[in-house]
2 protein chains.
Amino acid sequence: MYYGVDMTNYFDYTNTTEEKIGIKGVSLKDIEVMEDTINRAYNGVINKYKNKELGFMDIIYDENLNKYYDLSKYYTDYEYIVVIGMGGSILGTQMVYEGINGMYSNEINSNTKKVYFLDNSDPEKLYGILKIVDLKKTLLFIVSKSGNTVETLANFFIIKEKMDKLGCNNNTIIISSGGILKDIAEKEGYMLFDVPENVEGRFSVLSSVGLAPMSCMGIDIMGLIKGARDMDKLCKNEDVFKNPALMYALIHYIFLNRGKNISVLMPYIERLHKFGMWYRQLWAESLGKDGKGQTPIISTGAKDQHSQLQLYLDGPKDKIITFLNVEKFKEDFIIKCPNHYLDNHKLSKLINFEQLGTEEALTSKGIPNTSIVLEELNEYSLGKLIYMYEMGTAFMGEMIRINAFNQPAVEEGKKITRKLLEGKSIENMVKNKPNEKYLIEI
Amino acid sequence: MYYGVDMTNYFDYTNTTEEKIGIKGVSLKDIEVMEDTINRAYNGVINKYKNKELGFMDIIYDENLNKYYDLSKYYTDYEYIVVIGMGGSILGTQMVYEGINGMYSNEINSNTKKVYFLDNSDPEKLYGILKIVDLKKTLLFIVSKSGNTVETLANFFIIKEKMDKLGCNNNTIIISSGGILKDIAEKEGYMLFDVPENVEGRFSVLSSVGLAPMSCMGIDIMGLIKGARDMDKLCKNEDVFKNPALMYALIHYIFLNRGKNISVLMPYIERLHKFGMWYRQLWAESLGKDGKGQTPIISTGAKDQHSQLQLYLDGPKDKIITFLNVEKFKEDFIIKCPNHYLDNHKLSKLINFEQLGTEEALTSKGIPNTSIVLEELNEYSLGKLIYMYEMGTAFMGEMIRINAFNQPAVEEGKKITRKLLEGKSIENMVKNKPNEKYLIEI
């Protein structure tokens with residue numbers, strides 16, 4: 001790798017240390033005095049795991065992955081895959097699909113399945129996808145653990161009505177543990193996959209939620225699982241200096257306590273943008289409780305050097321930054337431009353050296369930053385990354401003393417939406433109507 | 001609109017007031033005592049404008065837009081448009097293109113030009129675009145005010161070499177005021193557009209930078225300009241209660257001083273996601289200086305209710321939120337599902353009521369939020385929105401006493417990258433090499 005580090009993949013927290021960023025940095029002593037916190041976090045997670053509360057740690061040892069592979073054999077007569085779901089029901093699948101295939105896959109590969117993700121209640125989005133796909137040739141996944149997610153139901157009801165009319169509703173697969181979706185699956189005889197009760201949506205990508213659709217998209221799901229299993233071994237190490245997830249959490253905990261209320265994840269490869277979006281839910285929804293938590297931000301290198309870097313370098317010192325670097329890109333180009341310093345360089349060298357320049361500039365300004373360096377981005381390394389972040393989030397939840405596995409605050413808004421749709425008048429339902437005094441016509 | 005407000009488009013700051021969010025809110029008295037700040041901001045911007053420092057305020061009165069319309073007549077024999085640029089050279093064009101056409105335009109419309117944006121030094125991205133487009137049928141825009149942006153040059157050199165080999169380099173248009181790009185344009189006889197000296201990249205969307213490519217994409221650029229001109233009149237009003245940009249800045253300034261170091265922009269329509277990305281550069285790069293500024297975040301409704309809302313509602317109280325709402329969607333669907341409260345509702349009603357539910361939940365928790373409500377999203381209303389944010393950013397810059405029109409901090413990293421590419425050894429260039437002690441193999 002750039003510096004001749006003798007490891008294929010590694011987590012690097014050098015630039016959070018006193019040695020590099022001065023007195024604002026972490027010293028070995030800072031870490032030693034955190035021993036109680038580290039032990040509390042480690043034991044908290046391991047105890048929950050032993051109590052069977054953390055299904056995401058068990059599912060990766062499911063021996064029967066064939067049920068997913070069989071699926072892609074059972075359904076063959078389709079050209080499109082549409083996944084309907086919200087948040088944790090869909091983001092993980094999207095993240096893996098794009099992480100492996102990149103962002104232009106639907107337009108580049110004329111002979112592979114085209115894949116679409118319906119993850120909002122925006123009617124223009126539904127319209128766009130329906131214009132593109134042929135429902136008669138579409139494999140449809142509907143994913144909602146509760147089976148009652150309102151946006152998912154709305155999109156599904158609209159598509160189902162069209163499919164029923166076309167007589168092509170045999171290619172529907174439901175992934176749900178209850179609610180209306182499970183009822184429909186049973187009534188209509190759709191194939192149904194359960195979601196384990198003890199796996200929260202945002203931790204569910206390596207369960208049926210992700211593995212069923214991914215196997216039909218040609219993802220090597222066994223590669224993902226192997227990566228997660230290898231990472232699991234590292235994350236069960238009590239020694240924080242050898243446990244990347246525990247150290248990741250600790251570093252973030254220390255800097256959160258030093259006023260860094262924002263955590264930036266900055267991949268220097270566009271295929272990992274959706275990984276960022278997945279991490280963003282994981283970190284925000286797991287930890288944002290009781291006035292605690294840390295706001296995650298996704299930034300994409302090198303392009304955000306032309307958008308966000310000025311703020312990171314010279315704005316408020318409220319951020320800790322993590323780079324995601326991949327050494328080998330799947331494709332590359334040589335730049336030819338005589339008399340210019342770019343001449344004869346690979347494009348991948350430019351983006352990797354831009355990351356180095358940014359890292360150096362941040363460190364020189366005393367801004368803490370860590371890096372996760374991967375030799376290649378494939379199912380195996382992505383599986384490692386996914387599981388490291390799941391464990392890191394679990395450890396962080398213990399450190400800040402919240403329950404990382406619920407999301408109680410979002411119910412209130414849902415209730416209001418429901419009552420409005422049920423015909424309750426806005427005047428009765430909504431206290432906070434606009435006051436004409438505070439409106440400006442534009 | 002939802003509440004029977006008698007305005008077509010408006011900015012609403014009701015939910016930042018004491019009446020709605022209690023003592024943490026803004027009172028009329030709070031605003032009155034800010035008179036000096038308001039005047040300083042207003043006069044600061046107007047004086048810079050009169051001194052011809054703020055080109056973005058002048059360009060919207062350019063009478064000669066025909067040069068852009070002519071362009072789309074002059075070049076006719078192409079099926080693809082590729083724009084190469086970084087940050088402010090490309091984000092504005094992307095924002096308008098997607099804001100008008102939505103995200104699936106390339107796949108839906110078989111008879112319109114397909115449009116691609118090359119805005120990174122990621123070789124996989126370049127590979128993807130080159131796999132899709134036929135360079136012989138491609139109109140190519142290269143945009144860089146300085147003419148020396150390294151990622152733009154790298155992508156351009158690689159594509160130019162291919163086009164030269166194919167003998168199809170006549171469809172290249174350069175938008176630049178100098179540097180290597182201008183030299184090449186002159187040497188090769190490419191059509192060349194200047195960027196006015198006093199227009200910063202992130203404020204340049206309504207100059208040649210955006211208008212030239214947009215006119216070839218079928219955007220009604222006159223509609224954009226008309227919207228901006230109408231907004232300009234409002235933004236020149238000294239009365240903060242009638243000036244939406246000045247009030248937007250003031251509200252954000254007040255809450256920044258009350259510890260809200262994060263500003264969330266949350267459109268409830270996916271077409272505005274890229275507007276968010278454009279705003280994100282504008283707000284971050286203009287204001288993030290001298291330890292000051294406010295970190296912008298883009299969130300997309302309704303989907304981020306399943307990802308970020310838990311954090312916003314129950315995490316640290318460090319945010320001010322702005323909703324972007326559009327009443328009428330271009331497409332819509334009726335949901336049919338007997339015995340469910342969604343039955344017979346339009347999908348647009350669901351997303352709009354979800355926004356209301358979220359707004360109500362935030363307000364009940366005392367979290368300040370504003371809304372910009374548009375009846376429809378088209379070139380005219382988007383032009384208004386763009387210009388309101390440009391002016392709001394300019395006013396905010398005066399309030400926090402920084403120069404909103406430079407970005408001095410980003411040079412350091414660029415220098416390091418350049419020296420590395422010039423062959424300086426990493427050991428000499430980079431002080432902050434990883435220390436093996438702080439690496440964990442993964």
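Chain B holds an open sheet of five strands, ordered 3-2-4-5-6 and paired in parallel. This is a predicted model, in which local features need pLDDT of at least 70, side-chain atom pairs count only at pLDDT 80 or more, and totals for chains, interfaces and linings use all residues. Residues are numbered from 1 along each chain as its sequence is written, while chains are lettered from A and ligands numbered from 1 in the order in which they are written.

**The sheet in chain B**
- Strand 3 (114–118) and strand 6 (191–193) of chain B are the edges; each has a single partner strand, so one side of each lacks a neighbour in the sheet.
- From one strand to the next, the twist averages 15°.
- Strands (E, at least two residues) and helices (H or I, at least four) are DSSP runs, numbered from the N terminus.
- Two strands pair if DSSP finds at least two bridges between them.
- Strand 2 (residues 80–84) and strand 4 (residues 138–143) of chain B pair in the parallel sense, over five bridges.
- Ile81(B) has Leu139(B), in strand 4 of chain B, as its bridge partner.

**Where chains A and B meet**
- In chain A, 127 residues are in contact with 127 residues of chain B; contact means C-beta atoms, placed from the backbone, within 7 Å.
- Helix 16 (residues 347–364) of chain A gives the most to chain A's side, with 13 residues.

**A strand pair across the chains**
- Strand 1 (residues 10–12) of chain A and strand 11 (residues 439–441) of chain B run antiparallel, joined by three bridges.
- Opposite Phe11(A) stands Ile440(B), in strand 11 of chain B.

Key:
Axes are lines fitted to C-alpha atoms, for helices over the stretch in contact, and angles run from 0 to 180 degrees between N-to-C directions. Two residues are in contact if their C-beta atoms, placed from the backbone, lie within 7 Å.
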